[in-house]
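Good morning, colleagues. Please look at the display first.

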Amino acid sequence: MQMPKLRFMADDGNDFPEWEENSLSLFLKENKLRNADLRFGKDDVLSVSGDYGVVNQIEFQGRSFVGKSVQQYRILPHNGIVYTKSPLKANPYGIIKANKGEDGIVSTLYAVFDCKDNIIPEFIELYFDLDERLNKYLKPLVNIGAKHDMKISNERFLSGSVCFPSLPEQRKIATFLSTVDEIIATTEAEVSAWEERKKGVMQKLFSQEVRFKADDGSDYPEWEEKKLGELFTRIVEKNRMDLSPLTIIQGKGTVRRADSDRRITYDRKGLKNYKAVKKNDFIVHLRSFEGGLEIANQDGIVSPAYHVYRGNADVYPRFYYPYFRSNNFIHGRLAICVTGVRDGKNIEMDTFDELLLPCPCIEEQQKIANCLSSFDDVINQTKTELAAWQEFKKGLLQQMFV
(Lines give C-alpha, C1' and ligand atoms only; values in the text may rest on other atoms or scores of the structure.)
Protein backbone atom coordinates (compact mmCIF):
# COMPACT_ATOMS: atom_id res chain seq x y z
CA MET A 1 0.00 0.00 0.00
CA GLN A 2 1.35 3.42 -0.98
CA MET A 3 1.99 5.71 2.01
CA PRO A 4 2.11 9.53 2.20
CA LYS A 5 5.51 11.19 1.82
CA LEU A 6 5.03 13.19 5.03
CA ARG A 7 3.81 11.49 8.19
CA PHE A 8 3.47 12.30 11.89
CA MET A 9 4.68 10.15 14.75
CA ALA A 10 2.62 9.17 17.77
CA ASP A 11 3.10 11.04 21.07
CA ASP A 12 5.15 8.13 22.42
CA GLY A 13 7.58 8.42 19.48
CA ASN A 14 6.35 5.30 17.70
CA ASP A 15 5.06 5.16 14.14
CA PHE A 16 1.35 5.29 13.56
CA PRO A 17 -0.25 2.23 11.92
CA GLU A 18 -0.16 1.98 8.14
CA TRP A 19 -2.96 3.66 6.23
CA GLU A 20 -5.69 1.31 5.02
CA GLU A 21 -7.79 1.34 1.88
CA ASN A 22 -11.52 0.91 2.44
CA SER A 23 -14.87 1.96 1.07
CA LEU A 24 -16.00 5.44 2.14
CA SER A 25 -19.12 3.75 3.53
CA LEU A 26 -16.93 2.43 6.37
CA PHE A 27 -16.55 6.03 7.59
CA LEU A 28 -19.74 7.83 6.59
CA LYS A 29 -23.44 7.04 6.83
CA GLU A 30 -26.31 8.82 5.11
CA ASN A 31 -28.28 11.35 7.15
CA LYS A 32 -31.90 11.27 5.97
CA LEU A 33 -33.32 13.88 8.33
CA ARG A 34 -35.66 16.42 6.74
CA ASN A 35 -36.96 19.75 7.99
CA ALA A 36 -40.47 18.30 8.24
CA ASP A 37 -41.38 20.11 11.46
CA LEU A 38 -40.00 23.43 10.08
CA ARG A 39 -37.59 23.68 12.99
CA PHE A 40 -35.34 25.62 10.63
CA GLY A 41 -36.44 28.60 8.54
CA LYS A 42 -35.17 30.43 5.47
CA ASP A 43 -32.60 32.25 7.59
CA ASP A 44 -30.99 28.87 8.35
CA VAL A 45 -30.41 27.78 4.74
CA LEU A 46 -26.78 26.86 4.06
CA SER A 47 -24.85 26.93 0.79
CA VAL A 48 -21.58 25.27 -0.11
CA SER A 49 -18.67 27.20 -1.60
CA GLY A 50 -15.57 25.64 -3.09
CA ASP A 51 -13.39 28.31 -1.47
CA TYR A 52 -15.24 28.97 1.79
CA GLY A 53 -16.92 25.67 2.62
CA VAL A 54 -20.37 25.59 4.24
CA VAL A 55 -21.77 29.12 4.65
CA ASN A 56 -25.07 30.72 5.58
CA GLN A 57 -26.73 31.58 2.27
CA ILE A 58 -28.02 35.03 3.26
CA GLU A 59 -24.83 36.08 5.05
CA PHE A 60 -22.61 34.88 2.21
CA GLN A 61 -24.66 35.82 -0.86
CA GLY A 62 -26.66 38.69 0.54
CA ARG A 63 -30.03 37.16 -0.25
CA SER A 64 -32.06 33.96 -0.06
CA PHE A 65 -32.65 31.79 -3.11
CA VAL A 66 -35.22 29.60 -1.38
CA GLY A 67 -38.64 28.85 -2.85
CA LYS A 68 -41.95 28.93 -0.99
CA SER A 69 -41.17 26.15 1.49
CA VAL A 70 -38.13 24.63 3.19
CA GLN A 71 -40.07 21.71 4.67
CA GLN A 72 -38.35 19.11 2.47
CA TYR A 73 -34.87 20.57 2.92
CA ARG A 74 -32.24 18.29 4.43
CA ILE A 75 -30.90 18.99 7.90
CA LEU A 76 -27.14 19.52 7.94
CA PRO A 77 -25.86 19.30 11.53
CA HIS A 78 -22.66 20.76 12.87
CA ASN A 79 -19.82 18.44 11.74
CA GLY A 80 -22.08 16.87 9.11
CA ILE A 81 -20.60 16.14 5.67
CA VAL A 82 -22.34 17.54 2.60
CA TYR A 83 -21.87 16.57 -1.04
CA THR A 84 -23.08 19.05 -3.64
CA LYS A 85 -24.21 17.51 -6.89
CA SER A 86 -23.65 20.72 -8.83
CA PRO A 87 -20.74 20.97 -11.27
CA LEU A 88 -18.16 23.73 -10.81
CA LYS A 89 -15.39 24.70 -13.21
CA ALA A 90 -12.60 23.13 -11.14
CA ASN A 91 -14.88 20.40 -9.75
CA PRO A 92 -17.12 19.06 -12.53
CA TYR A 93 -18.45 16.26 -10.28
CA GLY A 94 -19.33 18.43 -7.26
CA ILE A 95 -17.59 19.14 -3.96
CA ILE A 96 -17.45 17.62 -0.47
CA LYS A 97 -17.30 19.79 2.64
CA ALA A 98 -17.81 19.58 6.41
CA ASN A 99 -20.20 21.90 8.23
CA LYS A 100 -17.96 23.63 10.76
CA GLY A 101 -20.69 26.07 11.77
CA GLU A 102 -24.14 25.79 13.32
CA ASP A 103 -26.87 23.34 12.37
CA GLY A 104 -28.87 24.36 9.31
CA ILE A 105 -30.64 23.07 6.23
CA VAL A 106 -29.59 22.54 2.63
CA SER A 107 -31.36 22.03 -0.68
CA THR A 108 -32.63 18.57 -1.55
CA LEU A 109 -30.05 18.63 -4.37
CA TYR A 110 -27.39 18.07 -1.71
CA ALA A 111 -26.56 14.80 0.04
CA VAL A 112 -25.85 14.82 3.78
CA PHE A 113 -23.77 12.31 5.73
CA ASP A 114 -22.73 11.77 9.35
CA CYS A 115 -19.25 10.71 10.40
CA LYS A 116 -18.86 7.38 12.15
CA ASP A 117 -16.66 6.98 15.21
CA ASN A 118 -13.57 6.13 13.14
CA ILE A 119 -13.32 9.46 11.26
CA ILE A 120 -13.30 13.16 12.11
CA PRO A 121 -15.09 15.64 9.81
CA GLU A 122 -12.05 17.92 9.53
CA PHE A 123 -10.05 15.07 8.01
CA ILE A 124 -12.78 14.23 5.47
CA GLU A 125 -12.80 17.84 4.24
CA LEU A 126 -9.00 17.99 4.09
CA TYR A 127 -8.82 14.70 2.22
CA PHE A 128 -11.14 16.03 -0.49
CA ASP A 129 -9.76 19.58 -0.41
CA LEU A 130 -7.35 18.96 -3.27
CA ASP A 131 -9.21 19.22 -6.59
CA GLU A 132 -7.26 16.40 -8.21
CA ARG A 133 -8.05 13.95 -5.39
CA LEU A 134 -11.71 14.99 -5.20
CA ASN A 135 -12.24 14.65 -8.95
CA LYS A 136 -10.36 11.32 -9.05
CA TYR A 137 -12.67 9.91 -6.37
CA LEU A 138 -15.94 11.17 -7.90
CA LYS A 139 -15.31 10.72 -11.62
CA PRO A 140 -15.84 6.92 -11.79
CA LEU A 141 -18.96 7.19 -9.61
CA VAL A 142 -20.84 10.01 -11.35
CA ASN A 143 -22.84 9.90 -14.54
CA ILE A 144 -23.61 13.35 -15.95
CA GLY A 145 -26.96 13.72 -17.71
CA ALA A 146 -27.71 15.61 -20.91
CA LYS A 147 -28.50 18.76 -18.89
CA HIS A 148 -25.38 18.34 -16.73
CA ASP A 149 -27.48 16.82 -13.94
CA MET A 150 -25.50 14.64 -11.53
CA LYS A 151 -26.66 11.04 -11.72
CA ILE A 152 -25.38 9.45 -8.51
CA SER A 153 -27.19 7.81 -5.62
CA ASN A 154 -26.04 8.41 -2.05
CA GLU A 155 -25.25 4.72 -1.76
CA ARG A 156 -23.04 4.85 -4.84
CA PHE A 157 -21.34 7.99 -3.54
CA LEU A 158 -20.18 5.99 -0.51
CA SER A 159 -18.96 3.04 -2.57
CA GLY A 160 -15.66 4.57 -3.74
CA SER A 161 -12.31 3.60 -2.23
CA VAL A 162 -10.36 5.87 0.10
CA CYS A 163 -7.12 5.43 2.00
CA PHE A 164 -7.31 6.78 5.56
CA PRO A 165 -5.03 6.66 8.64
CA SER A 166 -5.96 5.82 12.21
CA LEU A 167 -8.03 8.28 14.23
CA PRO A 168 -5.05 9.67 16.25
CA GLU A 169 -3.09 10.40 13.06
CA GLN A 170 -6.18 12.04 11.52
CA ARG A 171 -6.31 14.41 14.50
CA LYS A 172 -2.61 15.26 14.19
CA ILE A 173 -2.98 16.06 10.49
CA ALA A 174 -6.13 18.12 11.03
CA THR A 175 -4.61 20.09 13.91
CA PHE A 176 -1.47 20.92 11.95
CA LEU A 177 -3.31 21.98 8.80
CA SER A 178 -5.82 24.02 10.80
CA THR A 179 -2.85 26.15 11.92
CA VAL A 180 -1.95 26.73 8.27
CA ASP A 181 -5.59 27.60 7.55
CA GLU A 182 -5.56 30.15 10.36
CA ILE A 183 -2.51 31.84 8.84
CA ILE A 184 -4.20 31.85 5.41
CA ALA A 185 -7.40 33.31 6.89
CA THR A 186 -5.42 35.99 8.74
CA THR A 187 -3.54 36.93 5.57
CA GLU A 188 -6.80 37.06 3.58
CA ALA A 189 -8.24 39.39 6.21
CA GLU A 190 -5.11 41.53 5.98
CA VAL A 191 -5.55 41.86 2.20
CA SER A 192 -9.20 42.86 2.66
CA ALA A 193 -8.28 45.36 5.38
CA TRP A 194 -5.68 47.08 3.19
CA GLU A 195 -8.11 47.17 0.26
CA GLU A 196 -10.72 48.82 2.49
CA ARG A 197 -8.15 51.32 3.75
CA LYS A 198 -7.27 52.19 0.16
CA LYS A 199 -10.97 52.69 -0.69
CA GLY A 200 -11.34 55.02 2.28
CA VAL A 201 -8.28 57.04 1.29
CA MET A 202 -9.47 57.21 -2.33
CA GLN A 203 -12.83 58.53 -1.18
CA LYS A 204 -11.20 61.29 0.88
CA LEU A 205 -8.76 62.22 -1.88
CA PHE A 206 -11.19 62.29 -4.79
CA SER A 207 -13.80 64.15 -2.74
CA GLN A 208 -11.04 66.65 -1.79
CA GLU A 209 -11.73 66.09 1.90
CA VAL A 210 -7.98 65.55 2.13
CA ARG A 211 -5.59 67.60 0.00
CA PHE A 212 -1.85 67.45 -0.56
CA LYS A 213 0.36 70.49 -0.34
CA ALA A 214 3.22 71.48 -2.60
CA ASP A 215 6.78 70.65 -1.53
CA ASP A 216 7.25 74.25 -0.36
CA GLY A 217 4.18 73.96 1.91
CA SER A 218 1.92 76.10 -0.25
CA ASP A 219 -1.56 75.06 -1.34
CA TYR A 220 -2.10 73.63 -4.76
CA PRO A 221 -4.60 75.42 -7.03
CA GLU A 222 -8.30 74.54 -6.72
CA TRP A 223 -9.37 71.57 -8.81
CA GLU A 224 -11.03 72.31 -12.12
CA GLU A 225 -13.67 70.28 -13.92
CA LYS A 226 -13.09 69.56 -17.57
CA LYS A 227 -14.91 67.49 -20.14
CA LEU A 228 -13.43 64.07 -20.75
CA GLY A 229 -13.05 64.99 -24.41
CA GLU A 230 -10.87 67.95 -23.42
CA LEU A 231 -8.50 65.80 -21.37
CA PHE A 232 -8.44 62.70 -23.55
CA THR A 233 -8.34 62.10 -27.30
CA ARG A 234 -10.02 59.08 -28.85
CA ILE A 235 -7.36 57.18 -30.80
CA VAL A 236 -8.10 54.99 -33.83
CA GLU A 237 -4.89 53.61 -35.28
CA LYS A 238 -5.08 50.31 -37.14
CA ASN A 239 -2.97 48.06 -39.33
CA ARG A 240 -0.21 47.71 -36.71
CA MET A 241 0.66 44.07 -37.30
CA ASP A 242 4.08 44.75 -35.76
CA LEU A 243 2.49 45.03 -32.29
CA SER A 244 1.41 42.17 -30.02
CA PRO A 245 -2.32 41.49 -29.38
CA LEU A 246 -3.30 42.31 -25.80
CA THR A 247 -5.83 40.76 -23.44
CA ILE A 248 -7.66 43.00 -20.98
CA ILE A 249 -7.97 41.75 -17.41
CA GLN A 250 -10.32 43.47 -14.98
CA GLY A 251 -8.37 45.39 -12.38
CA LYS A 252 -4.98 44.50 -13.84
CA GLY A 253 -4.86 46.35 -17.14
CA THR A 254 -3.44 44.45 -20.09
CA VAL A 255 -1.17 41.49 -20.71
CA ARG A 256 0.16 40.15 -23.97
CA ARG A 257 -2.26 37.59 -25.26
CA ALA A 258 0.57 35.08 -25.69
CA ASP A 259 1.35 35.42 -21.95
CA SER A 260 -2.27 35.15 -20.79
CA ASP A 261 -3.75 32.07 -19.13
CA ARG A 262 -6.86 32.60 -21.22
CA ARG A 263 -7.07 30.59 -24.39
CA ILE A 264 -8.72 33.02 -26.78
CA THR A 265 -9.19 31.92 -30.38
CA TYR A 266 -9.02 34.61 -33.01
CA ASP A 267 -8.39 35.01 -36.72
CA ARG A 268 -4.92 36.44 -37.23
CA LYS A 269 -6.06 37.94 -40.51
CA GLY A 270 -8.34 40.22 -38.51
CA LEU A 271 -5.44 41.74 -36.54
CA LYS A 272 -5.08 44.48 -39.14
CA ASN A 273 -8.37 45.89 -37.84
CA TYR A 274 -7.22 45.88 -34.21
CA LYS A 275 -6.60 49.25 -32.57
CA ALA A 276 -3.11 50.28 -31.48
CA VAL A 277 -2.54 51.37 -27.88
CA LYS A 278 0.45 52.91 -26.18
CA LYS A 279 1.43 52.31 -22.60
CA ASN A 280 -0.89 54.30 -20.27
CA ASP A 281 -3.66 54.66 -22.84
CA PHE A 282 -7.13 54.01 -21.43
CA ILE A 283 -9.39 51.33 -22.84
CA VAL A 284 -13.16 51.57 -22.71
CA HIS A 285 -14.60 48.08 -23.02
CA LEU A 286 -18.05 46.49 -22.98
CA ARG A 287 -17.87 45.90 -19.23
CA SER A 288 -16.54 49.32 -18.29
CA PHE A 289 -19.80 50.16 -16.54
CA GLU A 290 -19.16 47.28 -14.11
CA GLY A 291 -15.44 47.45 -13.39
CA GLY A 292 -14.28 50.80 -14.70
CA LEU A 293 -11.87 51.66 -17.48
CA GLU A 294 -8.68 49.71 -17.97
CA ILE A 295 -5.19 50.95 -18.70
CA ALA A 296 -2.62 49.64 -21.18
CA ASN A 297 0.44 48.30 -19.38
CA GLN A 298 2.40 48.11 -22.63
CA ASP A 299 2.20 49.01 -26.30
CA GLY A 300 0.09 46.61 -28.35
CA ILE A 301 -3.18 46.17 -30.17
CA VAL A 302 -6.69 45.51 -28.81
CA SER A 303 -9.96 44.34 -30.28
CA PRO A 304 -11.72 46.84 -32.57
CA ALA A 305 -14.72 46.56 -30.22
CA TYR A 306 -12.82 48.68 -27.68
CA HIS A 307 -12.36 52.46 -27.64
CA VAL A 308 -8.90 53.84 -26.94
CA TYR A 309 -8.30 57.17 -25.17
CA ARG A 310 -4.99 58.96 -24.73
CA GLY A 311 -4.46 61.71 -22.16
CA ASN A 312 -3.10 65.16 -23.00
CA ALA A 313 -0.49 67.19 -21.11
CA ASP A 314 -2.91 67.85 -18.21
CA VAL A 315 -3.30 64.12 -17.51
CA TYR A 316 -1.18 61.95 -15.25
CA PRO A 317 -2.54 58.47 -16.17
CA ARG A 318 -1.83 56.83 -12.79
CA PHE A 319 -4.07 59.43 -11.14
CA TYR A 320 -6.99 58.80 -13.47
CA TYR A 321 -6.71 55.00 -13.41
CA PRO A 322 -7.91 54.58 -9.78
CA TYR A 323 -10.43 57.38 -10.37
CA PHE A 324 -11.88 55.55 -13.40
CA ARG A 325 -12.21 52.42 -11.25
CA SER A 326 -13.79 54.13 -8.25
CA ASN A 327 -17.42 53.58 -7.24
CA ASN A 328 -18.06 57.32 -7.51
CA PHE A 329 -17.12 57.27 -11.18
CA ILE A 330 -18.65 53.91 -12.17
CA HIS A 331 -21.96 54.29 -10.33
CA GLY A 332 -22.05 58.07 -10.51
CA ARG A 333 -20.77 59.90 -13.55
CA LEU A 334 -20.40 56.90 -15.86
CA ALA A 335 -23.95 55.71 -15.11
CA ILE A 336 -25.53 58.44 -17.27
CA CYS A 337 -23.74 57.02 -20.33
CA VAL A 338 -24.93 53.46 -19.85
CA THR A 339 -27.83 52.26 -21.99
CA GLY A 340 -29.66 48.92 -22.04
CA VAL A 341 -30.16 46.35 -19.32
CA ARG A 342 -28.27 43.31 -18.05
CA ASP A 343 -26.11 41.76 -20.79
CA GLY A 344 -27.40 44.31 -23.31
CA LYS A 345 -25.72 47.23 -21.56
CA ASN A 346 -23.45 49.53 -23.51
CA ILE A 347 -21.80 52.94 -23.20
CA GLU A 348 -23.02 55.87 -25.30
CA MET A 349 -19.66 57.24 -26.43
CA ASP A 350 -20.77 60.75 -27.40
CA THR A 351 -22.23 61.25 -23.92
CA PHE A 352 -19.07 59.68 -22.49
CA ASP A 353 -16.92 62.39 -24.11
CA GLU A 354 -19.04 65.06 -22.40
CA LEU A 355 -18.52 63.74 -18.87
CA LEU A 356 -17.07 66.26 -16.44
CA LEU A 357 -13.93 65.00 -14.71
CA PRO A 358 -11.96 66.42 -11.80
CA CYS A 359 -8.68 67.97 -12.92
CA PRO A 360 -6.13 68.85 -10.23
CA CYS A 361 -2.82 70.31 -11.31
CA ILE A 362 -0.40 67.71 -12.64
CA GLU A 363 1.82 67.88 -9.51
CA GLU A 364 -1.09 67.04 -7.20
CA GLN A 365 -2.19 64.26 -9.55
CA GLN A 366 1.27 62.75 -9.18
CA LYS A 367 1.20 62.96 -5.37
CA ILE A 368 -2.22 61.30 -5.21
CA ALA A 369 -1.11 58.59 -7.63
CA ASN A 370 2.05 57.90 -5.60
CA CYS A 371 0.03 57.70 -2.39
CA LEU A 372 -2.40 55.17 -3.83
CA SER A 373 0.45 53.27 -5.46
CA SER A 374 2.01 52.77 -2.02
CA PHE A 375 -1.21 51.06 -0.93
CA ASP A 376 -1.04 48.85 -4.03
CA ASP A 377 2.52 47.86 -3.14
CA VAL A 378 1.42 46.68 0.31
CA ILE A 379 -1.68 44.93 -1.06
CA ASN A 380 0.29 43.13 -3.78
CA GLN A 381 3.00 42.08 -1.31
CA THR A 382 0.35 40.68 1.06
CA LYS A 383 -1.35 38.89 -1.83
CA THR A 384 2.00 37.35 -2.74
CA GLU A 385 2.39 36.10 0.83
CA LEU A 386 -1.16 34.72 0.70
CA ALA A 387 -0.46 32.89 -2.57
CA ALA A 388 2.70 31.40 -1.05
CA TRP A 389 0.80 30.07 1.98
CA GLN A 390 -1.93 28.66 -0.26
CA GLU A 391 0.68 26.94 -2.40
CA PHE A 392 2.38 25.63 0.74
CA LYS A 393 -0.91 24.13 1.92
CA LYS A 394 -1.49 22.58 -1.50
CA GLY A 395 1.93 20.97 -1.31
CA LEU A 396 1.13 19.59 2.14
CA LEU A 397 -2.18 18.17 0.89
CA GLN A 398 -0.28 16.40 -1.88
CA GLN A 399 2.37 14.95 0.43
CA MET A 400 0.37 14.20 3.60
CA PHE A 401 -2.37 12.16 1.91
CA VAL A 402 -2.52 9.18 -0.40
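D242 is exposed, at 57% relative accessibility, where exposed means over 50% relative accessible area, buried under 20%, and partly exposed in between, with a 1.4 Å probe and protein chains only. Its salt bridge partner is R240, with the closest N and O atoms 2.8 Å apart; R240 is partly exposed at 25%. By salt bridge I mean a side-chain nitrogen of Lys or Arg within 4 Å of a carboxyl oxygen of Asp or Glu.

This is a predicted model: local features need pLDDT of at least 70, side-chain atom pairs count only at pLDDT 80 or more, and totals for chains, interfaces and linings use all residues. Residues are numbered from 1 along each chain as its sequence is written, and side-chain values use heavy atoms, leaving out hydrogens and water.

The structure holds 23 salt bridges. In one of them, R7 pairs with E169 at 2.7 Å between the closest N and O atoms. R7 precedes β1 (20-23) and E169 sits in helix α5 (residues 167-206), so the pair ties together parts 162 residues apart in sequence; helices (H or I, at least four residues) and strands (E, at least two) are DSSP runs, numbered from the N terminus. Here R7 is partly exposed at 29%, while E169 is buried at 1%.

D314 and K226 also meet in a salt bridge, 3.2 Å from N to O. D314 lies in the loop between β21 (307-311) and α8 (317-324), and K226 in strand β13 (residues 224-227), so parts 88 residues apart in sequence are tied together.
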